[in-house]
Amino acid sequence: MSDEARTLTDVVTRLRRALRTSIRADWPWESLPMAQVELLQTLAERPPMKVGDLAAALRLAPNTVSGLVSQLIDSGLVVRGGDPRDRRVARLSVSPRGHEQLLVWQREHEKRIGAALGKLESSEREDVVRALKALDHLVEHLAEPTA
């Protein structure tokens, strides 16, 4: 592993941890596991989805996704609907409560990150902003199937 990859892995891990812990103090629902948040985000981007399609999108085992979905349905954040072409198939969507939860989650994260960015020196803030496009490309490459 290159030094750059090691450093980036460390920084991203610490960034995610710092963000989660800073928000948990004010928002008890932030204890929602990240796997559930990512599932909600994926469903919000591409609704409605079958469990198998959702599992493939998240690169998780279908039984893992099925368990997460059950928890989110019980919490009222996801709804299960039918498929008009095949009554045997269930399609999942984010509920209105789930959309509201995601919006609050997004706003709170933006607020925390914005406050932290405001504490940086202007040159550091500019460096972060310049890096965003490259980081976005990195995300795209990470999303590509591996050989």
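Which residues are buried in α5? In this predicted model, the buried residues of helix α5 are Gly 98, Gln 101, Leu 102, Trp 105, Glu 108 and His 109. The cover over these buried residues includes helix α1 (3–24), helix α2 (34–45) and strand β2.

| Helix | Residues | Number of residues | First to last C-alpha | Expected span |
|---|---|---|---|---|
| α5 | 96–118 | 23 residues | 33 Å | 33 Å |
| α6 | 122–143 | 22 residues | 32 Å | 32 Å |

Although the span of α6 is close to the expected 32 Å, this helix bends by about 35° at Leu 132.

Strand β2, which is part of the cover over α5, comprises residues 86–94 and pairs with strand β1, residues 78–83, in the antiparallel sense over 6 bridges. The two strands, β1 and β2, form a hairpin with 2 residues between them, and within this pairing Gly 82 stands opposite Ala 90 in β2.

Helix α2, also part of the cover over α5, contains Gln 36. Gln 36 has a relative accessible area of 5% and therefore counts as buried, since the cut-off for that term is under 20%. When residues up to four places away in sequence are not counted, Gln 36 touches Leu 68, Gln 71 and Leu 72.

Methods
Residues numbered from 1 in each chain as written. Predicted model: local features only at pLDDT ≥ 70, side-chain atom pairs only at ≥ 80, totals over all residues. Heavy atoms only, no water. Pairing = 2+ DSSP bridges. Helix = DSSP H or I, 4+ residues; strand = E, 2+ residues; numbered from the N terminus. Expected span 1.5 Å × (residues − 1). Buried < 20%, exposed > 50% of the residue type's maximum accessible area, 1.4 Å probe, protein only. Contact = heavy atoms within 4.5 Å. Bend = angle between axes of the 7 residues up to and from the residue.
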